[in-house]
Amino acid sequence: MTPFRPKSDLQLLELLFLLLLFAPGMVLAQNQWSGSPTVTNFSRSDYQAGTQNWTIRQDQKGLMYFANNKGLLEFDGTNWQIFGLPKGTIVRSVAFTANGERLYLGGQSEIGYMERDEKGQNVFHSLAHLIPESLQSFEDIWKIFVQQDAVFFCSEKTIFQLRDNTIEAIAPDNSRFENFFQIGDQIYVQDKERGLFSLKSSQLIPLPDGERFSNSRIVAMLPYTNQETLIITLTEGLFLMNRNSIRPWETDASDFLKTNQAYCGIRLRDGRYAIGSVLNGLLIIDSKGLPMLHLNKDKGLQNNTILCIYQDRQQNLWLGLDNGIDYAEINSSFSIIRSVDGIEGTGYASIIHQNNLYLGTNQGLFYTPWDNQRGPLEVEKFKLVENTSGQVWSINRLQDRVIVGQHQGAFYLDDAEVAPLSPIQGAWKFMALEAHPGYAIEGTYAGLALYRNRNADRPDKAADWQLVTQLDGFNESARIFEEDADGHIWISHAYKGLFKVELSDDLRSISKMTTYNVSNGLPTEIFLYVAKIRKELVFTTPQGIYRHDKATDRFVEHEEFTEIFGKGRNIHRLQEDELGNIWFAVDSDFGVLKVQEQGVFNKLELAYFNQIQEDLVDGFEHIYAYDEQNIFIGTEKGFIHYNSLHNKNTDFPFQMLIRKITSITAGDSILYYGFERADSIQEPQAFDFRMNDFRFAYSAPYFEKISHINYRYRLEGFEDQWSKWAFKTEKEYTNLPAGDYKFRVQARNAYGQISTEAHFSFKIYPPWYASLYAKIAYFLLAVVVLTGLVKYISRREGKKTEAFKREQTKKLEEKEAAFKKEVEKSEGEIIKLRNEKLRADISHKNSQLASATMHLVQKSEILTKIKNDLNNLISEASQDNKKKIQQISRAIEADIRLDNSWDQFEFHFDQVHEDFFKRLRKQFPDLTPKDQKLCAYLRMNLATKEIAPLLNISIRGVEISRYRLRKKLSLDSETNLVAFVLDI
């Protein structure tokens, strides 16, 4: 290929212009060394439509549209929706008007446009009726070009030009059209038999040298320079066309394009070109034709046939495939290094050494030559370093030597080969001791080991590290440790706490070990990590970042970091990379803190990469910064390559959309589709009080790291605060009271950027009994009621005055009556007191009577007993004594009969019982004295055995007497004798 030489100053200026124009792409080519961009796959089962997708466009709100075999496919970042054509034909092409209000569609024997109605729903309007009847049976519309005053619908047989609501047909001469292109306002048409033409004023104008494409298919025509156009063909490679000629353009990508059959292509915003092939995926080339990026099925695509390409607002690529849709994040600062590149396993360590990139995983140490200038078609896959199979924990640079820490021990690394260094199993990490030059510490599964550089005194020799000894006194796992300014070693253990180890003067042993816990100011004893940031030891905990106060030997919150990250947050890890950037994993946030000036906290720039957080290896987060363009991050699926100089605008504004509002009360009927016409003003919608349940569906058409977009919402008039960030894309409200409302919603992407706000204002009318008219009626009614009430009160007060007079008179009379009543009451009190005195006297006499009665009972019992005893003595006494005893017995018996205590008893008994004996004798004159006594004793409620001695008879005799008394009193068997006596 003949080198290009400028023939004039003008051509030299053009060359300089090209260099400036394509400089960003050239820089990116050198930086994108290895790995592939993230590719998100959308299969047919995801979008529930046809397999093939022919054209892709994005509207002004960010929604994506796909010409699909089953119709027009719409994607808002959350949901897919399909709009079928009336005839059910394939949609091959779509194109927006300049204002984005109208989307033209083309299918088989169908042309028309989609436009939003009053509710914001897409509605199809056919234009086929404008086509002459003889031409209405046409084939697929493969391209649509929208110009200021006309729209062109292109099929292989006819181009339909729509202007002023009329259609003009443009047909080839005895041939068929092959393809159609537009650059600016110029339309180009390829005729299958006659080659390339330009379309001007409905006329096809042959292009110079255009006939060379009469038998080959052009797949794309793209702007190249102001004077030249890039032509991409199916099998013949690339061509450059100017005003006078068309010439082949042989580049490093030519063989790939010819072999794999280019099918489509677009010019990217940075000046590069994306070309889709039939057989081997996507190829991106720069302005020189150098391959920059290659994506195929092995690198994340669903298949290798690309039917269309579109670059969205975020400058990433949508690929319409022969089966599915893919989203390639080519504008991302991150690329992925994974198994397709030759490495296997989870990423734990990385380093660039001796012009090789080494990546350590749980399956071994892999390497590949480090060469930024090689293209993506020439990248050599990673190879396993011999004898390194198994877990790699770390790769450490100690002076000019590189040491690999593995499960089976430590090894030197040199020219993609390893040599044994130490047989101690479980080599976590190596660290040179700053306080003791020439010495290094190794952390292992079971403590620490000391190493010495035997060439420490010979700077002309490579370091020669030798194991000195394993340090006794600490036998816990030592994976994370750092050295402080005093030469002490701080070791953090995720489950056993924090330790400080002090070495002896000869470094051969541990002289002191101190354990720190909550008693020393730490908030917890687990998940503690020590890190060295700007030569200061900091300690991360699940409740914030701490530092050690040497004066008090206690831990206190780190003021500067707390100010940056917030108080009490769960700090998983802090790590300072080789460039001085501070990487953090805090709660669910992951990112980097870039220091713009000297010191830690002078001028800071926080960048969030939350999309990586879920892929990190928890507790083993690894970041290696070779330079600003090449930073490697270990993940569970391999490694991520980060270019911090990639000029990605993460502050790109993205829109929040309310996609649908439905009424739950009305059977989930759709009230609003989230769009207004440009010429309409959205007024708050009003709803009946019964329609007070709503479901809001929303989404943000931001497609990078789409699974990391979360949302917050607020209903003004009902909620005072925003909700917490969450991933759900619907919110329901039920039983809303009458009032004015405004639903507001925002999104936040993986970079921490917050979207614009979408809102919907509405009001709910109160029920009729709470409406304005009802309130006016209530007011008038209240006035009437108050007026009537005033009149009523006036009349009532007059009546009250008269009633008051009457009441006063009545009160005087009542007072007199009350006085009389008081007098009577006083007399009654006197009588009551008298009665109480009488009752007291009666109670006293009754007590005396009971006492006398009991005395009689006791006396009778004693005399009866004495009499019985004397009678018992008669048989034993002499004749003289018998006579005396009989005399005494007769005297006692006479006393029992003639006891004069009865008269006294009767007197007291009548006083207590209100002349009982008089009433008894009057009612029953036939009763004997003995019967009267029995009645008295019964009225006193004495028992039969108590009555027997008083009557000087036996208990049987008392029972016979009671029976006889019942006869004399004429009582039946059911009448209680005692109760009857008490009633006399």
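Is Cys308 buried or exposed, and at what relative accessibility? In this predicted model, Cys308 has a relative accessibility of 6% and therefore counts as buried, since buried means under 20% relative accessible area.

**View 1. Cysteines without a disulfide partner, Cys154 and Cys308.** A search of the whole structure finds 0 disulfides, and two of the cysteines are examined here. Cys154 is in no disulfide, and the cysteine sulfur nearest to its own, which belongs to Cys308, lies 16 Å away. Because its relative accessibility is 1%, Cys154 counts as buried. Cys308 is likewise in no disulfide, and for this residue the nearest cysteine sulfur is that of Cys264, at 6.5 Å.

**View 2. The crossing of helices α11 and α13.** Helix α11 covers residues 929-939 and helix α13 covers residues 955-968, and their axes come within 11 Å of each other while crossing at roughly 100°. With that angle, α11 and α13 are therefore roughly perpendicular to each other. On the α11 side, the contact is made by Lys930, Asp931, Leu934, Cys935 and Leu938, and on the α13 side by Ser961, Arg962, Leu965 and Lys968. Sorted by class, the residues of this contact comprise 4 nonpolar, 1 polar and 4 charged.

**View 3. The crossing of helices α10 and α11.** Helix α10, made of residues 916-923, has an axis that comes within 11 Å of the axis of α11, and the two cross at roughly 130°. These two helices are therefore oblique to each other, and α10 passes α11 in a right-handed crossing. From α10, the residues Phe916, Phe917, Arg919, Leu920 and Arg921 make the contact, and they meet Gln932, Cys935, Ala936 and Arg939 of α11. The residues of this contact divide into 5 nonpolar, 1 polar and 3 charged. Cys935 of α11 takes part in the contact with α10 and also in the contact with α13.

**View 4. Ser333 in the loop between β28 and β29.** Strand β28 spans residues 324-328 and strand β29 spans residues 334-337, and Ser333 has its place in the loop that lies between them. What is the relative accessible area of Ser333? The value is 11%, so Ser333 counts as buried. Along the chain, Ser333 and Leu357 are 24 residues apart, and their C-alpha atoms are separated by 19 Å.

Conventions: Residues numbered from 1 in each chain as written. Predicted model: local features only at pLDDT ≥ 70, side-chain atom pairs only at ≥ 80, totals over all residues. Heavy atoms only, no water. Disulfide = S-S within 2.5 Å. Buried < 20%, exposed > 50% of the residue type's maximum accessible area, 1.4 Å probe, protein only. Axes fitted to C-alpha atoms, helices over the stretch in contact; angles between N-to-C directions. Helix = DSSP H or I, 4+ residues; strand = E, 2+ residues; numbered from the N terminus. Parallel < 35°, antiparallel > 145°, perpendicular 65-115°, else oblique. Contact = heavy atoms within 4.5 Å. Nonpolar A, V, L, I, M, F, W, Y, C, P; charged D, E, K, R; others polar. Left-handed = near helix turned anticlockwise from the far one by under 90°.
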